[in-house]
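Biologist: I have not looked at this one before. Can you walk me through it?

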Amino acid sequence: MSAGNVLMVCLGNICRSPLAHGIFEQLSSDFDIRVDSAGTANYHSGNSPDRRSQATALQRGIDISQQRARQFTVHDFDAFDYIYVMDRSNLADVLSLARTEAERAKVALILGEEEVEDPYYGGAEGFEIVYQKIDTACREIIAAWKK
Ligand code: 4NP
């Protein structure tokens, strides 16, 4: 696997993918790549990340407060080499917009088989679990790039 531009995708782009965006950006600073995030839905477009995601990131020195939610568009297939989604619903939504096999091949669950479950309606501990899962996955991706 070689380094490339990475887009992190969840439903609202306010909880999971902003964390993934911040974590990956920090871990990939050795690479000259673009990292961004988006949501399959547009209902939080323009919003800052959820305060619980901001707090969870900031505990590790990652400031995601300047991120703003946006909706995934078909043009993201042109701009990004890797599109990592959090759950199977995101996977189906993004794949439904792919125009070619090459675009489909850019899309994967960030955990491989498992899902990063939506923490929106739960408590703070859910965000910690999300952080841990995403952090592990991001480190594995970057380790593979460095091989
Ligand atoms: P996210 O979480 O997809 O990780 O950003 C959600 C945020 C908002 C909603 C659902 C999931 N919502 O229904 O508003």
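This is a predicted model: local features need pLDDT of at least 70, side-chain atom pairs count only at pLDDT 80 or more; totals for chains, interfaces and linings use all residues.

Biologist: Fine. What is the strand order in the sheet?

Modeller: The order is 2-1-3-4, in an open sheet of four strands with parallel pairing.

Biologist: Which are the edge strands?

Modeller: Strand 2, residues 35-39, and strand 4, residues 107-109. Each of them pairs on one side only. From one strand to the next, the twist averages 25°.

Biologist: How many bridges are there between strand 3 and strand 4?

Modeller: Three bridges, in the parallel sense, with strand 3 covering residues 82-85. Within that pairing, Val-85 stands opposite Leu-109 of strand 4.

Biologist: And which strands does helix 1 touch?

Modeller: Helix 1, residues 16-27, packs on the sheet and touches strand 1 (6-10) and strand 2. The direction of helix 1 makes about 160° with that of strand 1.

Biologist: On to the ligand. Which residues surround it?

Modeller: Cys-10, Leu-11, Gly-12, Asn-13, Ile-14, Cys-15 and Arg-16 are among them.

Biologist: What lies 2.9 Å from an oxygen atom of the ligand?

Modeller: A backbone N or O atom of Leu-11. For Gly-12, a backbone N or O atom lies 2.8 Å from a ligand oxygen atom. Tyr-121 uses its side chain, where an N or O atom is 3.3 Å from an oxygen atom of the ligand.

Biologist: How much of the ligand's accessible area does the protein cover?

Modeller: It covers 92% of the 350 Å² that the ligand has on its own.

Biologist: Last topic, Ala-98. Where is it found?

Modeller: Ala-98 is in the loop between helix 4 (88-95) and helix 5 (101-104).

Biologist: What is Ala-98 in contact with, leaving aside neighbours within four places in sequence?

Modeller: Phe-77, Glu-103 and Arg-104. Also, the C-alpha atoms of Ala-98 and Val-74 are separated by 7.1 Å, with the two residues 24 residues apart along the chain.

Note on methods
Residues are numbered from 1 along each chain as its sequence is written. Side-chain values use heavy atoms; hydrogens and water are left out. Two strands pair if DSSP finds at least two bridges between them. Helices (H or I, at least four residues) and strands (E, at least two) are DSSP runs, numbered from the N terminus. Axes are lines fitted to C-alpha atoms, for helices over the stretch in contact, and angles run from 0 to 180 degrees between N-to-C directions. Contact means heavy atoms within 4.5 Å. A residue is near a molecule or strand if one of its heavy atoms lies within 4 Å of it. A polar contact is a pair of N or O atoms within 3.5 Å; within protein, one must be able to donate a hydrogen and the other to accept it, and residues adjacent in sequence count only if both atoms are side-chain atoms. Accessible areas come from the Shrake-Rupley method with a 1.4 Å probe; for residues, only the protein chains shown count as cover.
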